[in-house]
Each structure stands twice: as C-alpha cells, then as structure tokens.
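Open the structure in your viewer and keep the selection tool at hand.

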Amino acid sequence: MYIQMTDGAPPPPEQTSFDHRIVELERQKEIDDWLPITSSRNAKWWYSTFHNVTAMVGAGVLGLPYSMAQLGWGPGVTILILSWIITLYTLWQMVEMHEMVPGKRFDRYHELGQFAFGKRLGLYIIVPQQIIVEVGVCIVYMVTGGQSLKKFHELVCQDCSPIALPFFIMIFASSHFVLSHLPNFNSIAAVSLVAAIMSLSYSTIAWTATAAKGVQKDVEYGYKAGTTSATVLNFFTGLGGIAFAYAGHNVVLEIQATIPSTPSNPSKGPMWKGVMVAYVVVALCYFPVALVGYGVFGNAVSDNVLMSLKTPVWAIALANLFVVMHVTGSYQIFAMPVFDMVETFLVKKMNFKPSTILRFIVRNVYVAITMFIAIMIPFFGGLLAFFGGFAFAPTTYFLPCIMWLIIYKPKRLSLSWWTNWVCIVLGFILMIVSSIGGLRQIILQSKDYGLFS
C-alpha cells in the first residue's frame with residue numbers, strides 16, 4: 001500500500017548534510033569576523049608602512065651600536081648591510097606567497113607553513129618559533145619601556161628618590177591592560193602610526209645627540225674582551241643583536257591580511273609598496289644610529305645607546321619618552337597575532353563562545369605574564385641577542401627561503417636556487433652562534449643582578 005510522506009518525515013541524509021555544512025560555514029564566518037586578524041580587510045597601503053616600521057624599528061635599533069662594538073667596524077658594517085638586503089628579500093617572498101594559491105589567502109604565518117610543510121608538521125615548525133618571537137619581543141619591550149621610563153624620570157626629576165626598575169615596568173604594562181582590548185590590527189592603526197613617527201624621532205635624536213658629543217676621549221674600537229674565547233662569544237652576541245633588529249617578518253602576513261584584495265588588484269601590490277617605504281625608514285633609523293653610536297663611544301657604548309648619553313638632558317629625556325610611546329605600539333603589533341592564536345584555539349578547538357569576557361580574560365592574562373617575566377629577567381642586551389638568534393633568525397632569515405624552495409621549486413643551480421640556499425646557510429649559522437652568545441650574555445647579566453652567585 002502506498003503511503004504519502006507527511007511534513008513530519010525526516011529529511012533525506014543529503015539535505016541534513018547540506019544544512020549542517022551551511023550552519024558550519026555561518027559559524028566559521030562569525031568566528032572569522034570576531035578574530036583579530038580576519039575581522040577587518042579595509043586597510044590602505046600606508047597601513048603596511050607604519051605597521052612594518054612599528055614592528056621592526058624598536059628596541060633593536062638602540063642596541064645596534066653595542067652590536068657594532070662586539071663585531072668591529074668591518075664585520076659590523078658588512079653584517080648590517082647584508083642583513084638589510086637579505087631580510088628585504090625574504091620579506092618580499094612572504095608578501096608574494098600570501099596569495100600564491102588562487103582564491104586563498106594565507107593570513108597567518110603558520111597557515112603558510114602548513115601549506116609548505118604539511119598540515120601537522122607546519123604547525124610544529126612554525127607555531128613554536130612564532131610564539132617565541134612574539135612573546136619574546138613583548139617581554140623585551142616591557143623591559144625597554146620600563147628602562148626608558150626610569151631614565152626619563154631620573155632626567156626630569158633629578159632630586160627625586162630613585163624608584164626601582166620593576167615599578168616602571170609595571171607602570172608601562174598598565175597601558176597595555178587597556179590597549180590590548182582593541183579588537184584587531186586596523187583598530188590599532190592610530191597607535192601604530194604614532195609609534196612609527198616616534199621610532200624615526202628617537203632614532204634621529206639618538207644619533208644627532210651622539211654626534212653632537214663628538215668622539216669621546218680615549219675611545220677604543222678594538223675588541224673589549226680579554227680572551228679569545230670571550231671575544232668570539234661577544235661576537236656571537238653582536239650577531240644576535242642585529243638579527244633582533246629585523247623582526248617584521250613574524251607579523252607580515254597578518255598585516256597583509258588586513259588589506260583588501262581582488263583578482264585585478266591583489267594585496268601584494270599595496271603591501272609591497274608599503275614595505276619599500278618602511279625599509280627606507282628602517283635604513284634611515286638603523287645605519288646612522290649604529291655607525292654614529294659606535295663611532296662616538298667605541299667599545300664602551302651601553303647595550304642601549306640612550307643610556308650612554310647624558311646631555312643635552314632635554315633631548316635625552318624626550319628621546320626616552322618617544323621610546324616608551326613607540327614600544328607601546330610595537331608591543332601591540334606583536335601581541336595581536338598571539339591574541340589571534342589563543343582566541344582561535346579557544347573558540348575553534350575548545351568551543352568557547354566568542355565574547356567580550358573571553359577576550360578580556362585572555363588579553364589581561366597575557367599582559368600580566370609578559371610583565372612578570374620582564375620583571376624577573378630585565379636583561380636588555382642578553383634578551384636581544386638570545387631571542388634574535390634563537391627565534392628571529394629562523395623566521396626572518398631562512399624559513400621563508402625554505403618554504404619558497406618547497407613551493408616554487410626553482411631550477412637547480414639557478415639564481416633563485418643559489419640565493420635561497422645562501423640565505424638558508426647564513427641564517428642557520430646566525431641562529432646557532434647568536435643563541436649561544438645571547439644565552440651567555442643573560443647569564444652574565446644575571447650575575448650582575450645577583451641572581452647567581
């Protein structure tokens with residue numbers, strides 16, 4: 001007997017699967033519209049400029065004269081120029097690879113890594129490196145912000161009672177308990193613009209005030225260490241300091257993700273335009289500070305060149321205030337991808353509901369953790385060298401080249417093949433030796449602070 005199906009009959013399996021897919025896509029869109037990296041794609045090309053300047057020109061530029069002192073004139077100038085060229089090349093590779101697959105954008109560094117190395121291996125290779133870089137930078141910037149605030153206080157209030165560095169680190173951190181709740185990259189555009197202007201400003205003050213002092217009496221440019229082994233290890237430390245200075249690659253895909261893209265006008269056009277302007281600014285900041293700072297103070301220069309300057313008081317105080325304003329923006333640039341990773345994990349893997357409360361807890365906890373670590377190990381020079389070698393060298397100098405070789409497969413012994421392999425070998429050597437030098441520097445500075453007997 002024929003029985004007609006009623007309205008209450010269950011839908012066919014194909015319909016159920018389709019409906020489930022629609023619901024899943026809607027949920028995915030809701031999450032993407034909430035996450036920091038993918039929630040806004042209306043950035044202009046100049047956003048790329050000041051985001052990249054803010055990401056790159058930071059604490060590292062203040063340590064370049066000290067790195068030059070560890071390396072010497074010949075090796076120092078060579079490595080400084082070579083690093084500028086290599087990192088510009090690898091940054092170009094990152095920009096090109098952002099949309100190498102038609103219709104798809106690699107909005108995060110680890111997504112590109114997963115495409116190159118495989119879904120699981122890519123995560124294991126890229127995510128730990130990127131986390132170390134971004135968390136490491138935030139810790140260093142906590143230290144830098146606290147040191148610069150302390151220096152500013154000492155200069156403008158010379159009769160005041162001294163205040164310990166940990167309190168200034170906490171004062172600096174207090175601003176991030178507020179700024180960290182800005183939702184995405186485009187929402188911190190104004191903060192980043194101010195930071196980029198400040199970086200050019202304090203770099204200019206640093207080298208002009210240093211040049212005005214003139215070459216110091218009895219200045220020495222030879223290696224300061226008394227033994228060959230110490231000289232070699234100091235050389236390694238100097239390499240790490242320079243590696244730290246070139247840090248923008250770790251957030252370049254995330255920055256490019258905010259730029260709109262169409263088949264006729266892909267995002268790599270405006271992104272690369274912004275990067276080129278940013279790298280001109282980088283050169284205007286890095287080379288004068290490094291060369292003038294080392295030229296004036298020689299091997300007696302501090303690991304933060306502003307700490308070597310005493311006069312004019314007003315200029316040095318202003319420069320330190322500019323540093324505080326700049327590293328405030330830089331902290332946010334490097335913290336945003338961390339927020340994105342943590343929030344993605346919580347809402348996609350742990351099935352938390354995207355909410356203001358979740359974001360409030362995640363970001364406040366992160367700021368607190370980086371603040372406490374900075375208070376425990378406020379070693380500017382050692383942290384620069386260690387993080388520069390251990391984490392920055394891979395993600396900046398040679399991981400982009402490895403991914404390029406895997407994805408594009410240039411002909412063996414071609415110019416592209418040779419260029420990438422040279423960068424890989426040099427970057428790998430840089431990673432090993434500067435990590436060793438930075439770790440030694442942290443141990444030495446720990447002894448100065450009385451943490452080790």
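A disulfide is a pair of cysteine sulfur atoms within 2.5 Å. By that rule, a search of the whole structure finds 1 disulfide. This is a predicted model, in which local features need pLDDT of at least 70 and side-chain atom pairs count only at pLDDT 80 or more, while totals for chains, interfaces and linings use all residues. Residues are numbered from 1 along each chain as its sequence is written, and side-chain values use heavy atoms, with hydrogens and water left out.

**Cysteines**

Select Cys157 and Cys160: the disulfide joins them, with an S to S distance of 1.4 Å. For accessibility, buried means under 20% relative accessible area, exposed over 50%, and partly exposed in between (1.4 Å probe, protein chains only). Cys157 is partly exposed at 24%, and Cys160 is partly exposed at 32%.

Next select Cys401 and Cys423. The closest cysteine sulfur to that of Cys401 is in Cys423, at 4.2 Å, which is too far for a bond. Cys401 is buried, at 0% relative accessibility.

**Aromatic rings**

Rings of Phe, Tyr and Trp (its six-membered ring) pair if their centres lie within 6.5 Å; planes under 30 degrees apart count as stacked, over 60 as edge-to-face and the rest as tilted. The structure holds 12 such aromatic pairs. For one of them, select Trp404 and Tyr408: the ring centres are 4.2 Å apart and the planes meet at 35°, so this pair is tilted.

Both residues lie in helix α16 (residues 380-408), 4 residues apart, about one turn of the helix. Helices (H or I, at least four residues) and strands (E, at least two) are DSSP runs, numbered from the N terminus. Trp404 is buried at 9%, whereas Tyr408 is partly exposed at 37%.

**A cavity**

Which residues line the second largest cavity? Select Ile37, Arg108, Tyr109, His110, Gln130, Glu254, Pro337, Asp340 and Met341. A cavity is a set of points, on a 1 Å grid over the protein atoms alone, where a 1.4 Å probe fits but cannot get out; lining residues have an atom within 4 Å of a point. The elements that give two or more residues to this lining are α6 (109-117) and α14 (313-349). The largest share, 3 residues, comes from α14.

Key:
1 Å grid on protein atoms, 1.4 Å probe; cavity = no way out; pocket = protein on both sides within 12 Å on 5 of 7 lines; lining within 4 Å.
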